[in-house]
Amino acid sequence: MAASMYRQFLSVVLFAGFCISVFGQWPIPYRRFKYRPISNNYCRAGVIPFCPKGEIASSMPKFKPDDKVNIYALKKPVWQFKFGDLLGKFHIMHDAIGISNLNTGLNYTMEWYELFQLFNCTFPHVVNETVLWCNQGATCIYDGIENKLWQQNGTLDLVATTNGYVFNQFAEWVLWDNTTGLYYETWTVRDKPDGSLWFDSFDCASWVLRAFQEFGNLGVKFNHSVKLNYTRINLYSDMPKYLGNASVVLANKSLKTDIMKFYSKFQAHVASPLLIEHLISALQEIFIEDKFYFFYNEEYWFLPMKSPHVKLTYEEIPLP
């Protein structure tokens with residue numbers, strides 16, 4: 001009897017703790033991981049492989065403690081290599097950081113982005129009667145700063161100066177962040193414009209913001225005359241409803257079927273006429289049926305969507 005009561009009590013405590021962790025803290029914290037799993041062989045980068053000119057994995061340049069180091073904010077339109085400045089006209093921008101060692105004359109570009117391109121990070125593949133996510137992101141560090149590319153298409157602004165000792169500390173943070181922050185998240189989810197935040201994005205812009213904040217934590221002073229805006233793709237929803245982790249959700253036959261049906265409308269490899277038909281159907285679900293299945297921290301949520309449903313913003317966020 002006592003054992004049974006104890007198990008019931010323990011179940012209540014665990015359930016209460018779960019409710020607090022899931023519903024009592026908004027925005028839901030982004031989950032950190034202990035190691036990076038090997039990606040499924042089905043996942044492919046597409047036109048350009050991830051970080052083709054980058055340093056080897058888990059490496060960073062090391063500077064002498066007294067080296068003078070300039071830090072730059074870099075911006076260019078997303079998919080600039082394919083569409084030029086077209087997406088820049090809509091403020092759909094990619095963010096990165098430039099590092100210049102004035103003592104050695106060596107420059108570096110650092111950016112965090114999707115391993116398998118943006119669409120694959122935003123929606124899963126529906127394959128073999130299930131959903132397969134290819135949504136990892138990672139840091140890419142490569143030699144040089146393509147000044148002309150960033151200046152002519154977006155931004156190349158000197159935001160701070162530091163020394164090699166501080167940069168080496170920052171480099172350790174980059175390796176930690178890259179090892180533990182694994183999954184790209186396109187969407188920012190709010191209850192309304194400028195309202196409560198349910199889920200924050202985890203993308204190239206948020207990486208730059210984290211990196212600048214880490215420099216600030218290390219004592220770097222920024223030039224606050226520089227004003228920087230960052231792209232956000234927002235979904236608007238009433239309080240999200242927790243559905244469960246991937247194993248639980250995909251074991252529920254009706255829920256799995258509904259989720260697969262929803263995501264099947266966002267398959268980039270589908271032939272153009274059918275893709276257009278699917279996207280129209282998806283927009284109907286989002287804007288008329290107020291429905292969106294959202295994947296975050298390897299868990300599924302249902303978003304009861306509401307006006308304006310989806311909105312692109314380009315928000316100014318001050319330097320630390």
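At 2% relative accessibility, C134 is classed as buried (under 20% relative accessible area, with exposed over 50% and partly exposed in between; 1.4 Å probe, protein chains only). The model is predicted, so local features need pLDDT of at least 70 and side-chain atom pairs count only at pLDDT 80 or more, while totals for chains, interfaces and linings use all residues. Residues are numbered from 1 along each chain as its sequence is written, and side-chain values use heavy atoms, with hydrogens and water left out.

The structure contains two disulfides, a disulfide being a pair of cysteine sulfur atoms within 2.5 Å. In one, the sulfur atoms of C43 and C134 are 2.0 Å apart. The torsion about this S-S bond is about -80 degrees, so the C43 and C134 disulfide is left-handed. C43 lies in the loop between α1 (2-23) and β1 (68-77), and C134 in the loop between β5 (130-132) and β6 (137-143); the pair therefore ties together parts 91 residues apart in sequence. Helices (H or I, at least four residues) and strands (E, at least two) are DSSP runs numbered from the N terminus. C43 is also buried, at a relative accessible area of 7%.

C51 and C140 form a disulfide with a sulfur separation of 2.0 Å. The C51 and C140 link is right-handed, with 80 degrees about the S-S bond. It connects distant parts of the chain, 89 residues apart: C51 is in the loop between α1 and β1, and C140 is in strand β6. Both are buried, C51 with a relative accessible area of 14% and C140 at 1%. With the bonded cysteines numbered in sequence order, the pairing is 1-3, 2-4. C121 takes part in no disulfide, and the nearest cysteine sulfur, that of C134, is 8.3 Å away.

Of the 320 residues in the protein chain, 48% are buried.

T180 lies in helix α5 (residues 164-180) and is buried, with a relative accessible area of 10%. The T180 side chain reaches the backbone oxygen of W176 at 2.9 Å. Apart from neighbours within four places in sequence, T180 is in contact (heavy atoms within 4.5 Å) with R31, R32 and F33.

Terms used. A polar contact is a pair of N or O atoms within 3.5 Å; within protein, one must be able to donate a hydrogen and the other to accept it, and residues adjacent in sequence count only if both atoms are side-chain atoms.
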